[in-house]
Amino acid sequence: MHSKKYYLQGEVLKPGSYPLLIPTTVLEALVNAGGFRDFANQKKIVILRGETRFRFNYKEVISGKKREQNIYLQPDDQIIVP
């Protein structure tokens with residue numbers, strides 16, 4: 001029933017798998033994970049979707065620049081915060 005999930009790894013407070021029940025953006029997913037740890041590189045976040053890699057710069061998105069980086073997640077996407 002809860003087979004649609006996305007995954008958060010790395011320097012977030014609550015890494016792990018999360019259900020993808022409603023449309024969720026990368027920014028929303030990071031909030032769900034409780035935010036960043038102290039030494040997270042917020043400018044070099046990567047979303048892996050199969051063979052495709054998307055880059056996400058948190059600092060740019062929250063300042064209103066390059067908001068197209070804030071994509072909607074799909075099942076099995078992996079967000080990696082270095």
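Me: What pattern does the protein chain follow along the sequence?

Reply: The pattern reads β-β-α-β-β-α-β. That comes to two helices and five strands. Helices (H or I, at least four residues) and strands (E, at least two) are DSSP runs, numbered from the N terminus. This is a predicted model, where local features need pLDDT of at least 70, side-chain atom pairs count only at pLDDT 80 or more, and totals for chains, interfaces and linings use all residues. Residues are numbered from 1 along each chain as its sequence is written, and side-chain values use heavy atoms, without hydrogens and water.

Me: Why is I79 called buried?

Reply: Its relative accessible area is 0%. Buried means under 20%, exposed over 50%, partly exposed in between (1.4 Å probe, protein chains only). So I79 counts as buried. I79 is found in strand β5, residues 78-81. Across the protein chain, buried residues make up 33% of the 82 residues.

Me: Which residues is I79 in contact with, leaving aside neighbours within four places in sequence?

Reply: Y6, Y7, L8, Q9, V26, A29, L30, I45, V46, I47 and L73. Contact means heavy atoms within 4.5 Å.

Me: Why does the radius of gyration of the protein chain agree with a compact globule?

Reply: The rule is 2.2 Å times the number of residues to the power 0.38, with the radius taken over C-alpha atoms. For 82 residues a compact globule would have a radius near 12 Å, and the protein chain has 12 Å, so the two agree. The C-alpha trace spans about 35 × 25 × 25 Å along its principal axes.
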